[in-house]
Amino acid sequence: MVFEGDPNGPMYAPLRGIATDIRNGNSNVLVGLERQMKVIQKDYEEDEGVVFGEYVYNFDTEEFDFKQELKNKAIFRLPASPKAVENKDNNGLISFEFTESKILIPDSDGEYYPASAKLSIKVDGKTVLKASFTGKYFDDGMPKEVKQTLEIDDFSWEAKASNDKKKMSAEYAFKKGTKTLILLAAETTGKFSFDDFEDSEDPDDVVDKIAIYCQVMNLAIKAGIADVKEFAEEIDDIDEESEAEYQNQKAEIMNQYIIGYGYFIDDNVKFASVDFYVEEYVSGTDTYYSIVPRFILSDESKVSLEEYVDSGFEELLEKIEEIAANFER
């Protein structure tokens, strides 16, 4: 059984796109599915035909045959490589699930937030990619809890956010197995209903305090602002015509209000404080100024975070090890 209806209709276009990738031996055929699924979902919402169900690639017709209808789930059995196409082997399995919440997206044309979505890709029975999304929302449309995950081999990505209308937090993590490679997180307190955001003109209208955490391998930076409103007001009150003077005053205010330090994760030992300074850049006849963060080590030496990242951590680690060795003597 194949799709019923007009084979040139819009419902066929997404699957024809996948079929074309297969026939051309495109190595990105599985990656291209996300784009095709967006088209499929749009057509589904417009009630243009059956979408959710099981589909099997037909090597004779070079189209997808519809096998059975499924609720909120689409399954595609297809060849996952040029060799599989040659051998007429549907060794790839793509599974996609999607459910809507009952909460309307504010200011949308009757669209609802997604409640959950899952995507998995298998080749020769082995899972090579898994992705998921879950979301909970307040009645006013403000997200309450949102989480996204992606797993490829031993690597995983996770992004999540939560909001109880008084405290909001967000986190992004990249791991290999159980080892954290990168972790970025932020937490704020304030007023975070949908109306609060709608009525605000500046971020400091809704945010009271903010804390930020950044981890790369075994090194992490923590920073925070205890009074966001007062900090923003002092920045707004800077009255300097010179760009250099303005940026220098801004850096001074940042150093006054932003408390930050670097430390080792494994040992939970602080190795540096963080401050900000103004860097001057010259391009032709133009001069630019930028505020840059840096580490101030215990021996008062200073290393910019940009240098630290560009050098691949070697220079900073050597300096820290040198300081640690001096303490041991």
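**Cut-offs behind the labels**

Modeller: Let me open with Lys 176, whose charged end sits over the ring of Phe 155 at 5.7 Å from the ring centre. The model is a predicted one, in which local features need pLDDT of at least 70 and side-chain atom pairs count only at pLDDT 80 or more, whereas totals for chains, interfaces and linings use all residues. Residues are numbered from 1 along each chain as its sequence is written, and side-chain values use heavy atoms, with hydrogens and water left out.

Colleague: What makes you say that the charged end of Lys 144 sits over the ring of Phe 138?

Modeller: The term asks for NZ of Lys or CZ of Arg within 6 Å of the ring centre and within 35 degrees of the ring normal. The charged end of Lys 144 is 4.9 Å from the centre of the Phe 138 ring, so the distance falls within the 6 Å limit.

Colleague: How many aromatic pairs does a search of the whole structure find, and why is the pair of Tyr 55 and Phe 76 called stacked?

Modeller: The search finds 12 aromatic pairs, a pair being rings of Phe, Tyr or Trp (its six-membered ring) with centres within 6.5 Å, where planes under 30 degrees apart count as stacked, over 60 as edge-to-face and the rest as tilted. For Tyr 55 and Phe 76 the centres are 5.3 Å apart and the planes meet at 15°, so the pair is stacked.

Colleague: Why does Tyr 55 count as buried, and why does Phe 76?

Modeller: Buried means under 20% relative accessible area, exposed over 50%, and partly exposed in between (1.4 Å probe, protein chains only). Tyr 55 is at 1% and Phe 76 at 2%, so both are buried by that rule.

Colleague: What makes the aromatic pair of Phe 64 and Phe 76 edge-to-face?

Modeller: Its planes stand at 90° to each other, with 5.9 Å from centre to centre. This pair also links distant parts of the chain, with Phe 64 in strand β2 and Phe 76 in strand β3, 12 residues apart. Ring pairs join Tyr 55, Tyr 57, Phe 59, Phe 64, Phe 66 and Phe 76 into a cluster.

Colleague: How do you know that β1 and β3 are joined?

Modeller: Two strands pair if DSSP finds at least two bridges between them, and β1 and β3 (residues 73-78), which run parallel, have four. The strands themselves are DSSP runs of E with at least two residues, as helices are runs of H or I with at least four, numbered from the N terminus. Phe 76 is the bridge partner of Tyr 55 in β3. β3 also pairs with β4, in the antiparallel sense and over six bridges, and there Ala 74 has Phe 96 as its bridge partner.

Colleague: What makes Asp 60 and Lys 88 a salt bridge?

Modeller: A salt bridge needs a side-chain nitrogen of Lys or Arg within 4 Å of a carboxyl oxygen of Asp or Glu, and the closest N and O atoms of Asp 60 and Lys 88 are 3.9 Å apart. Asp 60 lies in the loop between β1 (53-58) and β2 (63-69) and Lys 88 in the loop between α3 (82-86) and β4 (92-104), so they tie together parts 28 residues apart in sequence. Both Asp 60 and Lys 88 are exposed. The structure holds eight salt bridges.

Colleague: Why is Glu 158 called partly exposed, and what do salt bridges that share partners join into one network?

Modeller: Glu 158 has a relative accessible area of 24%, hence the label partly exposed. Salt bridges with shared partners bring Glu 158 together with Lys 147 and Lys 160 in one network.

Colleague: What joins the side chains of Ser 162 and Ser 169?

Modeller: A polar contact of 2.8 Å does; the term covers N or O atoms within 3.5 Å, where within protein one must be able to donate a hydrogen and the other to accept it, and residues adjacent in sequence count only if both atoms are side-chain atoms. Ser 162 is partly exposed at 30%.
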